[in-house]
Amino acid sequence: MSGDLVALLYLAAGVLFILALRGLSSPETSRQGNYMGMAGMAIAVATTLAVAQPESALSWAMIVGGIAVGGTIGAVIARRIAMTAMPELVAAFHSLVGMAAVLVAAAAYYAPEAFGIGATGAIRVASLIEMSLGAAIGAVTFTGSVIAFAKLSGRMSGAPILLPARHLINIALAIGLVACIVLFCQEQTPAYFWAIVGLSLLLGILIIIPIGGADMPVVISMLNSYSGWAAAGIGFTLGNTALIVTGALVGSSGAILSYIMCKGMNRSFISVILGGFGGEVAGPAGGGEAKPVKLGSAEDAAYLMKNASRVIIVPGYGMAVAQAQHALREMGDGLKEAGVEVKYAIHPVAGRMPGHMNVLLAEANVPYDEVFELEDINSEFPQTDVVYVIGANDVVNPAAEDDPSSPIYGMPVLQVWKSGTVLVNKRSLASGYAGIDNPVFYGDNTMMVLGDAKKMTEDIAKAL
């Protein structure tokens, strides 16, 4: 295959990847975006195989076998995974990308002649730098993603784990990592290569364990960015244009998404990239003065919503845990049949990964034109009769606007308290992940409908 044709095919794959990202920016075009991404990857893989031209039957058997095994596992997982478990699945996939980068870097180091980067013991310095960075970022991504997976899936505590002098430890590891990269480029010995991998694996753990569950949306987008840059670094080592372009697209889009998430959570972008956030927040509220609240039933909530002209629904992680999205759509359909205007308000960090609530609502076939982001719907709360908050807490807390001493102060929130009536569905009056009380619960215009989100919403739908 000629070099011009290879370049043209890789360019076509890159364009399809860009169009895939554009399609994934909206739920309405996300399916089309996925198809474009799949087509682009098929072209990239086929072109790479044509260029590599494996000669032995064993090589082809290993390639085809690997694709078959991996594809089968991926298909089975995709069909079986619950939508509520999507955040930990994304974290697990990121870990695989990171480990792949480490393994490719190791293969390039031990067999450089196969990659056209020199002979054993005489690899080009530029290739050594590229492989070092790819291995380091990949290792950080791997262990960081494993910790994120464990936190999101409940296999370890979602609370921040704070080590003494952790910032000094991270700085020391980073300095040691840079020193090992420099020495590796000078001496090319295996000890320094595996020291780079080892230090990076440890750094990935220490960056993520101080981060609490409330910050997981930013963690997911940050690890997404890391996995992209790891792939791009290895793309330079392999001299593969498609891998460079794809990795750069994933890395840059992940970084942009991290920035958007940081704005949504009032976090410093630099501190997120360095893993220096999460943990300096208040502990769970408790032992404070008991405050009176208005408690209501499903029938009360149904009566208020059915007699409203406009209802806004605010879903949160509690809805995801209870898998209440289908019951919520049925309730919304019942309200619309009664002549009530229904909208859904989405906070950018509601849930445990970017777009978590959008994915769940889309799965329940909630119309896209009824779902609005924070900046598009906040101005409508004063003209809204009833707001139904289901499983959300910190993202509707007015302390973010009113209390400079609050750990969430400055975080953009959905101003539900400005509506006529606020219905809040939670299991209890416990604080959210930020560990602070929510004044909305005790407002004069608030009614608490406590209980499991799915059962309560189903009861409301029946009462309608």
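**A site on α9 and its setting**

Tutor: Leaving out residues up to four places away in sequence, Ser221 touches Gly254, Leu257, Ser258, Met261 and Pro354. The model is predicted, and every value here is computed from it. Ser221 itself belongs to helix α9, which runs over residues 216-238. Its relative accessibility is 1%, and buried means under 20%, so Ser221 counts as buried.

Leu162 sits in the loop between α6 (125-152) and α7 (166-187). From Leu162 to Gly116 the separation is 46 residues in sequence and 45 Å in space, taken C-alpha to C-alpha.

Next, the nonpolar interior. In soluble globular proteins, nonpolar side chains tend to be buried together. The largest nonpolar core here has 34 residues, and the members that touch the most others are Met305, Ile313, Leu328, Tyr388 and Ile460. Among the elements giving two or more residues to this core are the helices α12 (298-306), α14 (325-337) and α18 (453-463), along with the strands β3 (310-315), β4 (341-346) and β6 (386-390). The most comes from α12, which gives four residues. For Met305, with neighbours within four places in sequence set aside, the contacts are Val311, Met331, Leu335, Val340, Val386, Tyr388, Leu423 and Ile460. There is also a second, separate core, made of 27 residues, with Val314, Ile377, Ala400 and Met448 among them.

Now the whole chain. It has 18 helices and eight strands, and 44% of its 464 residues count as buried. Of the contacts between residues at least 6 apart in sequence, 76% join residues at least 24 apart. A compact globule of 464 residues would have a radius of gyration near 23 Å, so the 25 Å of this chain agrees with that expectation. The C-alpha trace spans about 75 × 50 × 35 Å along its principal axes.

As for the surface, the accessible area is about 21100 Å², and carbon and sulfur atoms account for 64% of it. The chain carries 24 positive and 33 negative charges, whose mean positions lie 4 Å apart.

Conventions. Residues numbered from 1 in each chain as written. Predicted model: local features only at pLDDT ≥ 70, side-chain atom pairs only at ≥ 80, totals over all residues. Heavy atoms only, no water. Rg over C-alpha atoms; globule rule 2.2 N^0.38 Å. Buried < 20%, exposed > 50% of the residue type's maximum accessible area, 1.4 Å probe, protein only. Contact = heavy atoms within 4.5 Å. Areas by Shrake-Rupley, 256 points an atom, 1.4 Å probe, with all protein chains shown as cover. Lys, Arg positive; Asp, Glu negative; His and termini not counted. Charge placed at Lys NZ, Arg CZ, Asp CG, Glu CD. Core = buried A, V, L, I, M, F, W, Y, C linked by side-chain atoms within 4.5 Å.
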